[in-house]
Number of protein chains: 2
Amino acid sequence: MDNKLVLGIDIGGTNTVFGLCDYNGSISYEDSVVTKDFETPDLLVKEIHKKLSEANLIDNIIGIGIGAPNGNYFSGTIEFAPNLKWKGVIPLSNLFHSVFNVPVELTNDANAAAIGESLYGCAQGEKDFVTITLGTGLGSGVVVNDNMIYGHDGFAGEYGHIRVIPNGRACGCGRNGCLETYVSATGVVRSIDELNSTHRLNSSLLNIYNPTAVDVFTEAEKGDQFAMEIVDFTANILGDALADFACFSSPKLYVLFGGIAQNGEPFKEKVKAKMESSILNIYKNKIEVKISTLHDKNAAVLGAASLVWKTII
Amino acid sequence: MDNKLVLGIDIGGTNTVFGLCDYNGSISYEDSVVTKDFETPDLLVKEIHKKLSEANLIDNIIGIGIGAPNGNYFSGTIEFAPNLKWKGVIPLSNLFHSVFNVPVELTNDANAAAIGESLYGCAQGEKDFVTITLGTGLGSGVVVNDNMIYGHDGFAGEYGHIRVIPNGRACGCGRNGCLETYVSATGVVRSIDELNSTHRLNSSLLNIYNPTAVDVFTEAEKGDQFAMEIVDFTANILGDALADFACFSSPKLYVLFGGIAQNGEPFKEKVKAKMESSILNIYKNKIEVKISTLHDKNAAVLGAASLVWKTII
């Protein structure tokens with residue numbers, strides 16, 4: 001299969017990144033376009049095809065894997081994605097198939113990340129694990145006995161919208177207290193305003209214009225007390241949640257992927273410690289927590305491409 | 001397969017019930033023994049074999065299915081069951097196999113109930129559903145794409161120990177706020193003491209010596225305000241939990257099985273209404289809630305036997 005390539009496409013609210021991956025996970029070509037430049041999705045499909053044609057790269061493509069917000073594996077559609085300009089139900093797999101004439105697999109970005117992790121990352125050989133993606137929101141891809149859990153409608157694994165604090169923070173979904181309102185880049189930024197702390201007034205975060213989640217983690221590393229409290233608060237909520245979520249699929253491994261997780265070991269260790277301290281006895285000391293090893297700019301494209309390789313390898 | 005029978009065994013803290021079931025779900029023989037009469041599990045195995053031998057019923061048995069507390073499907077063992085006299089890890093499948101010399105399948109009682117429901121009950125033809133057993137505690141059996149979710153160690157699907165109220169009621173597991181401390185026969189009885197209500201002093205429940213969960217539901221049906229509040233409180237917590245648990249497996253159906261559920265339609269309707277009112281948009285109006293149709297004294301035996309039929313049919 002050495003000459004054969006899969007086109008991996010990661011559709012985001014801002015950019016759409018795409019690349020060609022071989023079955024070893026090497027990416028030989030990568031490019032991106034601005035998603036909202038395309039009034040309709042068929043224009044995006046044509047643009048990607050044009051770019052690959054101009055580069056003489058079409059012929060080796062044996063399949064297309066797409067990771068997309070609200071992507072439905074069963075129907076190959078994007079359904080009511082809040083962060084995309086294209087409204088309603090978008091038959092994206094069909095659109096790509098009609099232009100490229102190769103098999104197309106589509107799922108949401110967290111599921112794609114999980115499959116990528118199992119083929120090329122730190123979940124290799126692991127049949128029971130959950131990938132938690134920590135970006136603007138919190139996504140999850142759940143693998144049980146080597147099978148991705150899709151549920152009856154393709155929308156299983158939405159851990160970000162499990163409510164962890166009754167009547168807690170307002171969520172974009174219209175409900176309150178969802179995990180992602182606390183544990184996500186957005187959630188961390190909200191904590192700057194919403195967390196009670198005697199250290200707030202002395203915090204270096206107040207000197208930063210529109211501080212981001214990255215700023216919080218950076219200042220915490222430098223020893224800023226308030227930033228450290230926010231990191232602890234975030235890690236504790238995630239650790240408690242992962243403890244409870246073990247009651248669903250009893251995984252052997254949680255993989256933390258994306259933004260906040262990239263901060264690395266200290267955050268992971270706090271999450272793990274909190275999880276162990278509050279988990280049901282039968283799960284104690286059984287579950288590993290790892291930082292994704294797909295942490296680079298290609299991770300999303302690799303995850304998307306792995307959807308196709310997974311069905312072949 | 002008309003002459004072939006499966007021995008279904010439901011091991012409970014009080015009684016062990018066993019029976020012979022054909023592949024249509026008909027039970028031709030049923031008997032029970034007192035579990036704690038047997039100092040060691042091999043004595044129980046011998047007693048069941050003796051009873052079946054005396055009745056000349058051994059020859060048609062092609063397999064044995066066992067539902068047991070803390071039953072592990074992978075290892076065929078009962079592991080640290082708090083309500084049994086037999087401590088540690090009990091290799092029950094091996095013990096039965098050595099005496100009966102037929103294949104033995106073992107899992108926990110909630111998983112057995114779920115498989116029974118899919119073969120003989122209201123989940124027939126349903127590939128994605130969750131059975132919630134409402135007994136002394138709250139158990140769950142999760143089926144995704146027609147596969148029981150066991151997790152890496154056989155202990156997946158412990159929804160009763162997901163914490164729904166931070167720092168809530170103390171649970172037997174040593175933690176606080178677990179779902180089963182509110183939603184179970186035991187939880188309902190605790191609510192009599194612990195729920196704040198202006199109607200408490202006028203409640204007929206106070207005239208009952210050691211009122212049970214059944215008493216609460218009976219008095220609620222008669223119009224007792226405090227009992228009605230307890231039923232509502234219980235249904236609301238379960239409805240809210242089932243709304244969130246949809247984020248795990250996106251099921252098409254929840255089946256309520258056992259004690260509290262047997263109260264029937266009014267409780268189920270309250271649970272369903274609360275679930276719908278608080279569920280994430282993408283799951284709205286997609287999930288049915290049904291009362292188990294295996295509600296009779298044979299249900300547990302049928303569920304246990306179905307473990308074997310499931311692998312054959």
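A: In this predicted model, the axes of helix α6(B), residues 225-249, and helix α7(B), residues 265-278, approach to within 7 Å and cross at roughly 45°. Angles of 65 to 115 degrees count as roughly perpendicular and those under 35 degrees as roughly parallel; α6(B) and α7(B) are therefore oblique to each other. The hand of this crossing is right-handed.

The residues that form the contact can be named on both sides. From α6(B) come Val231(B), Asp232(B), Ala235(B), Asn236(B), Leu238(B), Gly239(B), Asp240(B), Leu242(B) and Ala243(B). Their partners in α7(B) are Phe267(B), Lys270(B), Val271(B), Lys272(B), Ala273(B), Lys274(B), Met275(B) and Ser278(B). Sorted by class, this contact of α6(B) with α7(B) comprises 9 nonpolar, 3 polar and 5 charged residues.

Helix α6(B) also has a part in the meeting of the two chains. In that interface, 30 residues of chain B are in contact with 30 residues of chain A. To the side of chain B that touches chain A, α6(B) gives the most, with 4 residues. By class, this side of chain B holds 14 nonpolar, 7 polar and 9 charged residues. Of the interface residues of chain B, 97% are also interface residues in chain A, so the copies meet through the same surface.

Chain B is superposed on chain A by a rotation of 180° with 0.0 Å of shift along its axis, the RMSD being 0.0 Å. That is the relation of a two-fold axis. Among the residues of chain B, Phe248(B) comes closest to the rotation axis, its C-alpha lying at 3.4 Å.

Chain A contains 8 helices and 13 strands. Its radius of gyration is 20 Å, close to the 20 Å that the globule rule gives for 313 residues, so chain A is as compact as a globular protein of that length. Taken along the principal axes, the C-alpha atoms of chain A fill a box of roughly 60 × 45 × 35 Å.

The axes of helix α3(A), residues 109-120, and helix α8(A), residues 299-312, come within 7 Å and cross at roughly 75°, which makes α3(A) roughly perpendicular to α8(A). Among the residues in this contact are Ala112(A), Ile115(A) and Leu119(A) of α3(A), together with Leu302(A), Leu307(A) and Trp309(A) of α8(A). The contact of α3(A) with α8(A) has 11 nonpolar, 3 polar and 2 charged residues.

Note on methods
Residues are numbered from 1 along each chain as its sequence is written. Chains are lettered from A and ligands numbered from 1 in the order in which they are written. This is a predicted model: local features need pLDDT of at least 70, side-chain atom pairs count only at pLDDT 80 or more; totals for chains, interfaces and linings use all residues. Copies are superposed by least squares on the C-alpha atoms of residues with pLDDT of at least 70 in both. Two residues are in contact if their C-beta atoms, placed from the backbone, lie within 7 Å. Ala, Val, Leu, Ile, Met, Phe, Trp, Tyr, Cys and Pro count as nonpolar, Asp, Glu, Lys and Arg as charged, and the others, Gly among them, as polar. Axes are lines fitted to C-alpha atoms, for helices over the stretch in contact, and angles run from 0 to 180 degrees between N-to-C directions. Angles under 35 degrees count as roughly parallel, over 145 as roughly antiparallel, 65 to 115 as roughly perpendicular and the rest as oblique. A crossing is left-handed if the near helix is turned anticlockwise from the far one by less than a right angle, and right-handed if clockwise. The radius of gyration is taken over C-alpha atoms; the globule rule is 2.2 Å times the number of residues to the power 0.38.
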